[in-house]
Amino acid sequence: MVYLTRKAEFSASHLYHNPAFTAEENRRIFGRCNNPHGHGHNYTLEVTVKGEVDPRSGFVVDLKQLKEVMHREVLDAMDHRFLNKEVPEFLHQIPTTENIAIAIWQRLVTKLERAQLYRVRVYETPDLFVDFYGEP
Amino acid sequence: MKAHLSRRYLFSASHRLHSETMTDEENKRTYGKCNNPYGHGHNYVIEVTVSGHVDQQTGMVCNLTDLDSFIESEVLARYGHENLNTLPEFASQVPTTENLCIQIYEIMQRGFHQAHLERVRLEETMMNSFEYRG
């Protein structure tokens, strides 16, 4: 089994706000991330797939195909977007790094050919990242 | 859904690698430049990974503010700008980065209960790092 990781970057804005909480609770729980006008990050996405090496091509996965799927399913939807307003998953769910990693997993998992999705890692900043392995 | 959250923190400290159970010659052979009697320092990076179910209400594994304030008060305040050899936990063990990594893991295991501790990874320099999973 070989694991292959492909990186991508996207920039987006978001805010953390739960309408079920009072304004005071939102401020206390989410701090500065609750600023109603939003704020942004340069996200780094790392997608890791696993599989056996194809004896003819020597590939675990066709990188070109992986790159196209990542562009189509993730970057086209999230790059230079306000996540809360423009990405369907986040209309009713807070776009925390945890939820972004889960949403990206769900966008990719059925679209990959041959290789199996192993991990989605999303860096919100170089000092903060979330890994999602598809665990329920 | 279960996710893993990782956070990196920086601190600087000095240490000397020297074991009382070895002769001077053995210490020099084992630890090389790290055995310099006056000590030396590093910029350490701690990478902490915790896991848990993503809370439906907050979208979080745990509140980052809780993790940051725990690490700040229990780890960074304890080790930042210190000579590790002078601390009680290193009175009878050598402050290698392996041992320091285990100490930080145990501090978290004892005191941080807002999420499950997966691992502590400690970078001594950009070229070497150590990881402890309990």
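Student: How many residues of chain A are in contact with how many residues of chain B?
Tutor: A word on the ground rules. This is a predicted model, where local features need pLDDT of at least 70, side-chain atom pairs count only at pLDDT 80 or more, and totals for chains, interfaces and linings use all residues. Residues are numbered from 1 along each chain as its sequence is written, while chains are lettered from A and ligands numbered from 1 in the order in which they are written. Two residues are in contact if their C-beta atoms, placed from the backbone, lie within 7 Å. Here, 19 residues of chain A are in contact with 16 residues of chain B.

Student: Which element gives the largest share of the side of chain A that touches chain B?
Tutor: Elements are DSSP runs numbered from the N terminus: helices (H or I, at least four residues) and strands (E, at least two). The largest share, 5 residues, comes from E5(A). H4 and E5 of chain A are the elements that give two or more residues to that side.

Student: How do I read strand pairing, and how many bridges join E5(A) to E1(B)?
Tutor: Strands of a sheet pair through backbone hydrogen bonds, either parallel or antiparallel. Two strands count as paired if DSSP finds at least two bridges between them. E5(A) and E1(B) run antiparallel, joined by 4 bridges. As one example, A:Val130 has B:Leu5 in E1(B) as its bridge partner.

Student: What is the order of the strands in the sheet?
Tutor: The open sheet has 9 strands, in the order E3(A)-E1(A)-E2(A)-E4(A)-E5(A)-E1(B)-E2(B)-E3(B)-E4(B), with mixed pairing. Strand E3 (81-82) of chain A and strand E4 (129-132) of chain B stand at the edges, each with a single partner strand, so one side of each has no neighbour in the sheet.

Student: And within chain B, how many bridges join E2 to E3?
Tutor: There are 7 bridges between E2 (residues 40-53) and E3 (residues 116-123) of chain B, which run antiparallel. B:Thr49, for instance, stands opposite B:Arg119 in E3(B).
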